[in-house]
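This report goes through one protein model part by part. Please look over the sequence and the structure before reading on.

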Amino acid sequence: MVNVCNKQTMNISSLDFGYLRKLVRQHSAIVLNADKEYLAELHLGKLALSAGFDSISSLVAYLQTQPFGDLHFRAIESLVTTETSFFRDIYPFEALKNFVLPELIDRRKNERSLNIWSAACSSGQEPYSIAMLVREQFPTLLNWNLRLIASDFSGQILARARQGRYTQLEINRGLPENLRDRYFQQQDNQWQIVPNIRQMVEFRQINLIDSWSSLLPMDIIFLRNVLIYFDTETKKTILAKVRRVLKPDGYLFLGGGETTLNLDDAFKRVHIEKSVCHRLI
Ligand SMILES: C[S@@+](CC[C@H](N)C(=O)[O-])C[C@H]1O[C@@H](n2cnc3c(N)ncnc32)[C@H](O)[C@@H]1O
């Protein structure tokens with residue numbers, strides 16, 4: 001293992017960055033902008049060192065000569081943005097609480113079954129926020145057949161999500177104190193989510209560009225802050241798949257900077273209080 005880490009050895013050449021951009025695009029559909037080069041230097045530098053290489057270029061040279069494997073996947077994972085927070089952007093969660101869940105609970109009161117999917121869930125703050133909201137506001141759903149599925153393409157980030165352990169900084173971002181006190185236990189310098197919330201979420205590894213055949217028809221889909229990284233054709237393909245998996249009276253939530261406009265006219269925008277969601281026409 002080489003322990004040398006200096007600015008020069010951890011620089012990335014445009015040729016190497018070009019190879020990595022292609023790799024990331026092929027396996028996740030994410031388009032890495034040229035301005036992400038500094039992030040590549042930061043994250044791949046760490047990966048190079050931990051895998052025993054003395055520079056990013058020697059790591060890339062190795063990747064280029066090998067068939068696709070675990071190290072390629074780890075390189076891709078290290079280049080993808082996993083930014084998230086509890087109750088991110090708050091309004092979709094308010095819409096869920098004040099309108100969407102009350103309506104769907106009424107509509108499904110005979111079958112007593114509800115499927116919610118947090119696609120591209122990163123380290124789990126999004127599905128756990130939904131689980132806390134359900135437990136706090138709609139405890140009756142705990143006696144229903146409630147499936148709260150959370151997925152991401154990255155096994156590494158899913159492992160963190162499954163663990164449900166967060167730093168103080170992550171806890172400070174969006175989690176109200178009363179929910180922290182009720183649903184998290186402090187362990188060392190971290191906060192561990194309690195089992196009765198963790199067990200409500202079923203984590204699965206799903207790459208959005210692969211098949212979704214294992215998914216049930218969904219009542220609510222959170223597909224937030226991921227389409228933004230894809231090119232137009234990929235956005236269209238993914239929205240067409242959403243169309244097939246979303247129930248006719250279901251709700252789709254996208255990120256604040258994302259839309260179905262000019263991509264898929266099977267959806268209409270619906271304003272709910274300060275939030276915008278998407279429904280099938
Ligand atoms: C910026 S985070 C968004 C997390 C959360 N949805 C939110 O809004 O806070 C984007 C997530 O998308 C995941 N992702 C990127 N490409 C993906 C793909 N092709 N399939 C599934 N997940 C993907 C990343 O691993 C990352 O965790």
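How many Å separate the centres of domain 1 and domain 2, taken over C-alpha atoms? The two centres are 29 Å apart.

## Basis of the model

The model is predicted, and local features need pLDDT of at least 70, side-chain atom pairs count only at pLDDT 80 or more, and totals for chains, interfaces and linings use all residues. Residues are numbered from 1 along each chain as its sequence is written.

## Two domains

Domain 1 covers residues 14-79 and domain 2 covers residues 91-280; these bounds come from an automatic or database domain assignment. Between them, five residues of domain 1 are in contact with nine residues of domain 2, where contact means that the C-beta atoms, placed from the backbone, lie within 7 Å. On the side of domain 1 that touches domain 2, three residues are nonpolar, one is polar and one is charged. In this classification Ala, Val, Leu, Ile, Met, Phe, Trp, Tyr, Cys and Pro count as nonpolar, Asp, Glu, Lys and Arg as charged, and the others, Gly among them, as polar.

## The ligand shell

The ligand is surrounded by 24 residues, and the closest are Thr-84, Ala-120, Ser-122, Phe-153 and Asn-225. The shell is made up of 10 nonpolar, nine polar and five charged residues. Domain 1 and domain 2 each supply at least three residues to the shell.

Asn-225, one of the closest residues to the ligand, sits in the loop between strand E7 (218-223) and helix H11 (232-245). Helices (H or I, at least four residues) and strands (E, at least two) are DSSP runs, numbered from the N terminus. Asn-225 has 21 C-beta neighbours inside 10 Å and therefore counts as buried. The cut-offs are 20 or more other C-beta atoms within 10 Å for buried, 12 or fewer for exposed, and partly exposed in between, with C-beta atoms placed from the backbone. Although Asn-225 is not a glycine, its phi is positive, at about 60 degrees.

## The nonpolar core

The largest nonpolar core holds 77 residues, and Ala-131, Ile-221, Leu-223 and Leu-252 have the most contacts inside it. Such a core is a set of buried Ala, Val, Leu, Ile, Met, Phe, Trp, Tyr and Cys residues joined through C-beta atoms within 7 Å. Helix H5 (residues 91-107) gives the largest share of this core, six residues. The core lies between domain 1 and domain 2, because both give residues to it.

What does Ile-221 touch, not counting residues up to four places away in sequence? Its partners are Trp-117, Ala-119, Val-242, Leu-246, Gly-250 and Leu-252.

Helix H3 (residues 56-65) has Ile-56, Leu-59 and Val-60 buried. Seen down the axis of H3, these buried residues fall within an arc of 95 degrees, so they line one face of the helix. The arc is taken from the directions from the helix axis to the C-beta atoms. Helix H1 (14-28) and helix H2 (37-50) are among the elements that cover the buried residues of H3.

In helix H7 (residues 155-163), the buried residues are Ile-157, Leu-158 and Ala-161. Their arc around the axis is only 100 degrees, which puts them on the same side of H7. They pack against strand E2 (145-152) and strand E6 (201-205). The face turned away from this buried side carries the exposed residues Gly-155 and Ala-159. After H7 comes Gly-164, with a positive phi near 65 degrees.

## Other positions

Arg-135 is placed in helix H6 (residues 125-137). With 17 other C-beta atoms within 10 Å, Arg-135 is partly exposed. Leaving aside neighbours within four places in sequence, Arg-135 is in contact with Leu-142 and Ile-197.

Two loop residues are exposed. Asp-188, in the loop between strand E4 (184-187) and strand E5 (190-193), has 7 other C-beta atoms within 10 Å and is exposed. Asn-262, in the loop between strand E8 (246-254) and strand E9 (267-272), is exposed with 9 other C-beta atoms within 10 Å. The phi of Asn-262 is positive, about 65 degrees, although this residue is not a glycine.

Technical notes
Two residues are in contact if their C-beta atoms, placed from the backbone, lie within 7 Å. A residue is near a molecule or strand if its C-beta atom, placed from the backbone, lies within 6 Å of it.
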